[in-house]
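Subject: Structure handover

Hello,

Here is the structure I promised to pass on. Please open it and keep it in view while you read.

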Amino acid sequence: MKLLLTINWILTTLLSISTGVFKLMQQEADILLFEKIGMNATATTLLGAVQLIGGLLLILPKTRKIGAYIMIPTFILASVAVFANGMIGFGIVSVLFIVMAYLVVVRENTSN
């Protein structure tokens with residue numbers, strides 16, 4: 001189980017950093033996705049900055065749990081945007097990202 005939680009932590013960290021960078025690059029697809037829930041380009045870019053910070057915090061053991069707690073609401077917001085755009089399949093997958101971030105918290109609670 002510990003190995004699976006470690007793999008999950010690594011994947012969650014990479015996912016968090018990459019989603020943050022993608023939003024910081026102001027990709028049109030992301031801008032349009034979040035416009036559906038009332039976020040403009042600036043708000044989407046700020047979300048990307050928060051996701052990047054959360055992802056970077058996931059790297060170090062001392063800040064890992066804080067990073068996961070930052071990522072959970074950002075993944076929830078992204079899931080809402082995906083479902084609002086009618087992307088049901090990807091929406092279901094995006095809910096898994098929330099679970100993955102939560103499992104990082106579980107990993108940190110069991111390792112202490």
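Below is what was found in it, topic by topic.

First, a caution: this is a predicted model. Please keep that in mind throughout.

The largest pocket has a volume of about 260 Å³. Its lining is made of 17 residues, and the closest to the centre are Thr19, Lys23, Asp30, Leu33 and Phe90. Which helices build the lining? Helices α1, α2, α4 and α5 each give at least two residues to it. To find them, look at residues 28-35 for α2, 64-84 for α4 and 88-111 for α5. Helix α1 covers residues 2-24.

**The salt bridges**

Side chains of opposite charge can pair when their charged atoms come close. The cut-off used is 4 Å, from a side-chain nitrogen of Lys or Arg to a carboxyl oxygen of Asp or Glu. How many salt bridges does this rule give? The count is three.

Lys23 pairs with Asp30, and their closest N and O atoms are 3.9 Å apart. Both Lys23 and Asp30 are buried. Lys23 and Asp30 are also among the residues closest to the pocket centre.

Next, go to Arg64. Arg64 forms a salt bridge with Glu108, with 3.3 Å between the closest N and O atoms. This pair links distant parts of the chain: Arg64 is in helix α4, Glu108 is in helix α5, and 44 residues separate them. Are Arg64 and Glu108 buried or exposed? Both are buried.

Glu108 has another partner. The side chains of Arg107 and Glu108 meet in a salt bridge at 2.9 Å, N to O. Arg107 is buried, as is Glu108. Together, Arg64, Arg107 and Glu108 are linked in a network of salt bridges.

**The nonpolar patch**

Now turn to the surface. Met1, Leu3, Leu4, Ile7, Ile10, Leu11 and Leu14 make a nonpolar patch of about 750 Å². Take Leu3 as an example. Leu3 sits in helix α1. Leu3 counts as exposed because its relative accessible area is 60%, and exposed means over 50%.

Gln26 comes first. Where does Gln26 lie? Gln26 is in the loop between α1 and α2. Gln26 is not a glycine, yet it has a positive phi of about 50°. With a relative accessible area of 46%, Gln26 is partly exposed.

Val82 is next. Val82 belongs to helix α4. Val82 has a relative accessible area of 3%, so it is buried; the limit for buried is under 20%. Val82 and Leu5 are 77 residues apart in sequence, and their C-alpha atoms are 26 Å apart in space.

Thr110 is in helix α5. Why is Thr110 called exposed? Its relative accessible area is 58%. Thr110 and Lys36 are 74 residues apart in sequence and 39 Å apart in space, C-alpha to C-alpha.

**Where to look**

Then follow the network from Arg64 to Glu108 and Arg107. Finish at the patch that includes Leu3.

Best wishes

Notes
Residues numbered from 1 in each chain as written. Predicted model: local features only at pLDDT ≥ 70, side-chain atom pairs only at ≥ 80, totals over all residues. Heavy atoms only, no water. Patch = residues over 30% accessible without salt bridge, like charges linked within 9 Å, V, L, I, M, F, W, Y side chains within 5 Å. Areas by Shrake-Rupley, 256 points an atom, 1.4 Å probe, with all protein chains shown as cover. Helix = DSSP H or I, 4+ residues; strand = E, 2+ residues; numbered from the N terminus. Buried < 20%, exposed > 50% of the residue type's maximum accessible area, 1.4 Å probe, protein only. 1 Å grid on protein atoms, 1.4 Å probe; cavity = no way out; pocket = protein on both sides within 12 Å on 5 of 7 lines; lining within 4 Å. Points joined across faces, edges and corners; volume = space filled by probe spheres on them.
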